[in-house]
Amino acid sequence: AGTVSLTGSDTGLLLDGLLRVSGGTVNIDDAVGNGNNFIEYSASGSAILEVSSGTLTVGSQIRRGLTSTAGSLKYRQSGGAVVVGRRAAPTTSRGVFEIVNAGSEFVHSAGTLTLVRGINSTTVPSLLIEPETPPLTIDPGSTINIGNANTPAGVNGQNIGIKSNRRL
């Protein structure tokens with residue numbers, strides 16, 4: 001039920017294990033306005049992001065690394081609120097929120113996932129949910145919001161591409 005903050009210019013979390021949010025607040029965000037605060041997951045198959053309650057705010061993107069298309073994340077949300085792209089989405093070669101490749105999973109049974117902004121790309125979707133094999137589960141108790149009160153005017157708020165290998 002506490003608060004954890006990771007801030008700074010171009011500062012992110014390199015995830016190669018379990019990040020569990022089961023209450024309280026996790027801010028990977030820089031309120032000063034830099035906003036390039038990200039979660040970059042590894043290609044080892046060990047990256048897991050679990051949210052059951054509380055709030056996770058990411059200033060920019062939840063994505064793979066920038067030098068390789070490899071990477072896998074097991075995303076499991078059973079409650080709480082996740083906000084991604086709160087301040088920026090500077091890496092246009094990656095989605096704002098992406099779950100791709102073998103070993104990845106997307107299970108969203110309750111709670112809210114909000115994409116604040118897009119990346120304004122005709123080739124890279126802002127929301128990319130394409131694990132190579134199941135599970136890809138979205139239950140009726142879950143909500144995926146595209147935009148909120150912090151969504152900027154202009155192309156990054158108007159052009160939010162969505163791609164999935166299953167109906168959302």
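Let's start at Leu 49: setting aside neighbours within four places in sequence, Leu 49 is in contact with Leu 15, Leu 19, Leu 56, Ile 62, Leu 73, Lys 74, Tyr 75 and Arg 76. Keep in mind that what you're looking at is a predicted model.

Some of those names come back when you zoom out. The largest nonpolar core has 32 residues, and Leu 49 is among those with the most contacts inside it, along with Leu 56, Ile 62, Leu 73, Tyr 75 and Phe 97. Which elements give two or more residues to this core? They are strands S3 (18-28), S4 (39-41), S5 (48-58), S7 (74-84), S8 (97-101), S9 (105-115) and S10 (127-131).

Now hop over to Ser 142, which sits in strand S12 (residues 142-146). Is Ser 142 buried or exposed? Its relative accessibility is 12%, and buried means under 20%, so Ser 142 counts as buried. Its side chain makes a polar contact of 3.0 Å with the side chain of His 108, and it also reaches the backbone oxygen of Asp 139 at 2.7 Å. Not counting residues up to four places away in sequence, Ser 142 touches His 108, Ser 109, Ala 110 and Gly 111.

Finally, take a look at two backbone angles. Asp 10 isn't a glycine, yet its phi is positive, near 50°. You'll find Asp 10 in the loop between strand S1 (3-6) and strand S2 (13-15), and with a relative accessible area of 48% it is partly exposed. Asn 101 isn't a glycine either, and has a positive phi of about 80°. Asn 101 is in strand S8, and its 25% relative accessibility makes it partly exposed.

Notes: Residues numbered from 1 in each chain as written. Predicted model: local features only at pLDDT ≥ 70, side-chain atom pairs only at ≥ 80, totals over all residues. Heavy atoms only, no water. Helix = DSSP H or I, 4+ residues; strand = E, 2+ residues; numbered from the N terminus. Buried < 20%, exposed > 50% of the residue type's maximum accessible area, 1.4 Å probe, protein only. Polar contact = N/O pair within 3.5 Å; in protein donor to acceptor, adjacent residues only side chain to side chain. Contact = heavy atoms within 4.5 Å. Core = buried A, V, L, I, M, F, W, Y, C linked by side-chain atoms within 4.5 Å.
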